[in-house]
Amino acid sequence: MVVLLGGDVDDAHLAELAANGVSYLVSSTTEIDLADALATLRRELEIETLLLEGGAGLNGAFLAAGLVDELSIVVAPALDGGDDAQRIVAAGDGLKGKVTLSLLGCEPLDGGAVHLRYAVSAPD
């Protein structure tokens, strides 16, 4: 696991991460340049593939920046529908016209769930 942090991160948080054996990269600015962070991960740690698990905002930021090549979604047979229901992507002004999804695979899972895999690309 590697945590990407903005330059305004508190030293106590860095010490906590280090004490827990978590690797981290700190941006030189408050905002993280995602493309630069990925280049650093590749160059310094030889990381070629990432699994994003930071939530809708992180997913949206990487998608909007054109840094995602595959989207993997597990759909479970349950409905929420509440106003506070969480989503998998949040991208400010949206992603319409910014990304195209092409189905790579659909796999049924136990309990009626389905694993969907999509290739992500820029629109034609």
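Student: Which elements each supply at least two residues of the lining of the second largest pocket?

Tutor: A pocket is an open set of points on a 1 Å grid over the protein atoms alone, where a 1.4 Å probe fits, with protein on both sides within 12 Å along at least five of seven lines; lining residues have an atom within 4 Å of a point. Here β1 (2-5), α2 and α3 each supply at least two, and α3 gives the largest share, 4 residues. Helices (H or I, at least four residues) and strands (E, at least two) are DSSP runs, numbered from the N terminus. This is a predicted model: local features need pLDDT of at least 70, side-chain atom pairs pLDDT 80 or more, while totals for chains, interfaces and linings use all residues. Residues are numbered from 1 along each chain as its sequence is written, and side-chain values use heavy atoms, without hydrogens and water.

Student: Which residues lie nearest the centre of the largest pocket?

Tutor: They are Leu52, Asn59, Glu70, Leu71 and Ser72, out of 26 lining residues. β3 supplies the largest share of that lining, 6 residues.

Student: Is leucine 51 buried or exposed?

Tutor: Buried means under 20% relative accessible area, exposed over 50%, partly exposed in between (1.4 Å probe, protein chains only). Leucine 51 has 69% relative accessibility, so this residue counts as exposed. Leucine 51 sits in the loop between α2 and α3.

Student: What is valine 68 in contact with, beyond its neighbours within four places in sequence?

Tutor: Contact means heavy atoms within 4.5 Å. Valine 68 touches Phe62, Leu63 and Val120 in this way.
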